[in-house]
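Here is a short report for a reader who is new to this structure. Take the parts in turn, with the model in view.

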Amino acid sequence: MVEHPFPDPRGPRMLLDDFHTLSGFGATPGGGVDRQAATVPDGQQRAWLHGWLSDHGFDVRYDAVGNQFGLATLVPGAPYVLTGSHLDSQPLGGRYDGAYGVLASAHAAHRVVEHWAATGESPRYNLAVVNWFNEEGSRFKPSMMGSAVFTGKLPLDTALATTDRAGTPVEGALREIGTIGDYPGPDVAAYAEIHIEQGRELENSGATIGIVDSTWAARKYRIVVHGEQSHTGSTAMADRHDALYGAALVIVALRELAAQHGLHTSVSELDVEPNSPVVVAREVRLHADLRAPDEAALDAAAKQLTGTIAGLGERASVTIDQVLTHSWGVAPFPPAGVELARRAADTLGLPYRTMPTLAGHDSVHLKDIAPAIMLFVPSVEGISHNEREFTQDADVSAGADLLTEVLTRLTAGELQS
Ligand SMILES: [Zn+2]
């Protein structure tokens, strides 16, 4: 591997040490983290990042949906190259998902600022680090909320009024942790994000870097099964309107759709009312998630699901409502950004693969308002949204080196020239 032209002066240990510190916020006994959006541990890690960015010369600002920015103004008045990911996690999530990308962005951005200062040259663009609010969507739906508001895809008022299961709205939760402001956000010249792959393709191929060239399509539904509450012992089977039985049929149908249409499907959340041992359930609310590399296959599956659900309602003597709550299509990342990332990986001698992203990321929104580059580093055994999520230290460092090279090129205006 070629030496990086301007290595981190404090060596790769600094990123790993900071990552170790960051992984302490919301740490779980199983080696993961639990820091859902705008919870106490999320507030703690945001405060820590605020301190890190300030100590390294970045000006820290918050927008109205709690996105956290660290600005390095190199060319007053110029737009910003933005780089980041998200610090929030799933319940009992892994240490690397999102957090690696934010920290690698902070370190890489700092190295790039020092590089420009050392050369005495002036870049074309400024540089900013971002920690997007609520990428995971576990406490507040939808996922990728902060970047959706930033890119104009979700109204701010809708996001702020969204409540968690306990009825706490986003706005109140953000005020509680003190990370909400009125900064309108920077003008974005380009966006770069690095993330763990969360799959096995890099590990299987032996590549160190994934350069994302497209995204799978996704559809998410809220499905509500309405039954009638009754006694589990005394109610005749023929008289039952068991919402949980109806929900079970829906869960099986979704799993079977995956095999038929080549999709990834899940029922990933279930609320049962009243969820009591001697009571037939009166209502069950499900969250269903369908993903595919091909929109036509997703359309066909969605159509089939709607038809199947009508029949299942009849079979279980319940009614079933299905509402589409969030979706995105198959979309390419800009080819010029893929090419720039390839050149950067070649410069560093890093083996890479171009590949799609199966998961949603904030970059999926950002690519619609600015040229965006999405990079992956390998996930051991593809494990993610799990406390055992792991990426080798060497890959952590290689990814940050590549992001540094990419940001240098982006701030120089290579994508626009
Ligand atoms: Zn993530």
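Domain bounds here come from an automatic or database domain assignment. On that basis the protein chain is divided into domain 1 (13-215 + 330-412) and domain 2 (217-328). This is a predicted model: local features need pLDDT of at least 70, side-chain atom pairs count only at pLDDT 80 or more, and totals for chains, interfaces and linings use all residues. Residues are numbered from 1 along each chain as its sequence is written.

**The two domains**

The C-alpha centres of domain 1 and domain 2 lie 34 Å apart. Their contact takes 7 residues from domain 1 and 10 residues from domain 2. Two residues are in contact if their C-beta atoms, placed from the backbone, lie within 7 Å. The side of domain 1 that touches domain 2 has 5 nonpolar, 1 polar and 1 charged residues. In this count Ala, Val, Leu, Ile, Met, Phe, Trp, Tyr, Cys and Pro are nonpolar, Asp, Glu, Lys and Arg are charged, and the others, Gly among them, are polar.

**The cores**

A residue is buried if 20 or more other C-beta atoms lie within 10 Å of its own, exposed if 12 or fewer, and partly exposed in between, with C-beta atoms placed from the backbone. A nonpolar core is a set of buried Ala, Val, Leu, Ile, Met, Phe, Trp, Tyr and Cys residues joined through C-beta atoms within 7 Å. The largest such core has 88 residues. Those with the most contacts inside it include Leu-127, Ile-209 and Val-406. Helix α3 (residues 99-119) gives the most to this core, with 10 residues. Helices (H or I, at least four residues) and strands (E, at least two) are DSSP runs, numbered from the N terminus.

Which residues does Val-406 touch, not counting those up to four places away in sequence? They are Ala-192, Leu-340, Ala-341, Ala-344 and Ile-373. A second, separate core of 27 residues includes Ile-223, Ala-247, Ala-288 and Leu-290.

**The open sheet**

Four strands form an open sheet in the order β9-β11-β7-β12, with antiparallel pairing. Two strands pair if DSSP finds at least two bridges between them. β9 (264-273) and β12 (319-328) stand at the edges, each with a single partner strand, so one side of each has no neighbour in the sheet. The twist averages 15° from one strand to the next. β9 and strand β11 (residues 283-292) pair in the antiparallel sense over 9 bridges. Ser-266 stands opposite Asp-289 in β11.

Two helices pack on this sheet. Helix α8 (residues 243-261) touches β7 (217-226), β9, β11 and β12, and its direction makes about 170° with that of β9. Helix α9 (residues 295-316) touches β7, β11 and β12, and its direction makes about 165° with that of β12. Axes are lines fitted to C-alpha atoms, for helices over the stretch in contact, and angles run from 0 to 180 degrees between N-to-C directions.

**Backbone details**

The table lists the cis peptide bonds of Pro-142 and Pro-274.

| Bond | Omega |
|---|---|
| Lys-141 to Pro-142 | about 5° |
| Glu-273 to Pro-274 | near 0° |

Pro-142 sits in the loop between β4 (126-131) and α4 (145-150). Pro-274 is in the loop between β9 and β10 (279-280).

Leu-92 has a positive phi, near 50°, though not a glycine. Asn-134 is not a glycine either, and its phi is positive at about 50°. Is Asn-134 buried or exposed? With 31 C-beta neighbours inside 10 Å, Asn-134 counts as buried. Leu-92 has 14 such neighbours inside 10 Å, so Leu-92 counts as partly exposed.
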